[in-house]
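My entries follow in the order I made them.

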Amino acid sequence: MAELNCQFVRPDRSLLEGPVANLVLVTYAGELGVWPGHAPEIVALGDGVVRIRRRPEDGGAEYDVVVSGGYAEIDDDGVIILADHARRADDIDPDVVRETRDHAIEQMEGIPEGDHRRAYYANKVSWCNLLLKQVMGDAAASSR
């Protein structure tokens with residue numbers, strides 16, 4: 001069976017390197033399915049979930065990675081995903097994410113409007129909300 005060689009990295013570490021059966025990327029234009037033999041393409045990643053399916057000989061399991069921003073380079077036998085933010089859905093601890101979000105909100109509230117440092121914390125709050133949305137649903141992510 002044909003396979004894709006997948007490299008999935010975020011700024012601090014590699015999340016995956018190896019063969020996969022296929023995957024579905026989340027882009028600003030919508031979802032993009034990638035199978036072996038895909039035409040070469042470079043896409044900007046949006047905010048959402050990348051769904052990765054392992055090869056049948058590796059169990060065929062599908063798992064999700066929550067991403068926010070970055071790029072993917074696709075060719076006929078592989079894909080390289082460079083994500084600004086990425087976390088496996090099964091590695092999200094809602095309590096830690098809520099604590100991180102609350103701390104970012106407190107920090108942001110202490111910075112005057114118009115100060116460029118607010119953007120850092122606003123981005124962190126958005127990332128935390130995306131993670132919470134994935135594990136808890138829409139209502140929990142927007143509760144604050």
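Entry 1, Arg-98. I began with Arg-98, which is partly exposed at a relative accessible area of 27%. I note that this is a predicted model. The class follows because partly exposed covers what lies between the 20% limit for buried and the 50% limit for exposed. I then looked up the salt-bridge partner of Arg-98 and found Asp-95, with N to O at 3.0 Å. Asp-95 has 56% relative accessibility, so I logged Asp-95 as exposed. Where do Asp-95 and Arg-98 lie? I found both in helix α1, residues 94-109, at a spacing of three residues, or about one turn of the helix.

I checked for salt bridges linked through shared partners. Glu-3, Arg-55, Glu-57 and Asp-58 are joined in this way into one network. For the total, I searched the whole structure and got 11 salt bridges.

Arg-87 makes a salt bridge with Asp-91 through their side chains, at 3.0 Å from N to O. I have Arg-87 as partly exposed, at 26% relative accessibility. Asp-91 is also in the partly exposed class, with a relative accessible area of 40%.

Which residue does Arg-88 form a salt bridge with? I found Asp-90, and the closest N and O atoms are 3.1 Å apart. Arg-88 is partly exposed, its relative accessible area being 27%. Asp-90 comes out as exposed because its relative accessibility is 60% and the exposed class starts over 50%.

I searched the whole structure for cavities of 30 Å³ or more and found one. The volume of the largest cavity is about 30 Å³. Which residues line the largest cavity? I listed Phe-8, Leu-15, Leu-16, Tyr-63, Val-65 and Arg-88. Two elements, β2 (13-20) and β7 (62-75), each give two or more residues to this lining.

I also sorted the lining by residue class. It divides into five nonpolar residues, one charged residue and no polar ones. Arg-88 is the charged one, because Arg counts as charged.

Methods: Residues numbered from 1 in each chain as written. Predicted model: local features only at pLDDT ≥ 70, side-chain atom pairs only at ≥ 80, totals over all residues. Heavy atoms only, no water. Salt bridge = Lys/Arg side-chain N within 4 Å of Asp/Glu carboxyl O. Buried < 20%, exposed > 50% of the residue type's maximum accessible area, 1.4 Å probe, protein only. Helix = DSSP H or I, 4+ residues; strand = E, 2+ residues; numbered from the N terminus. 1 Å grid on protein atoms, 1.4 Å probe; cavity = no way out; pocket = protein on both sides within 12 Å on 5 of 7 lines; lining within 4 Å. Points joined across faces, edges and corners; volume = space filled by probe spheres on them.
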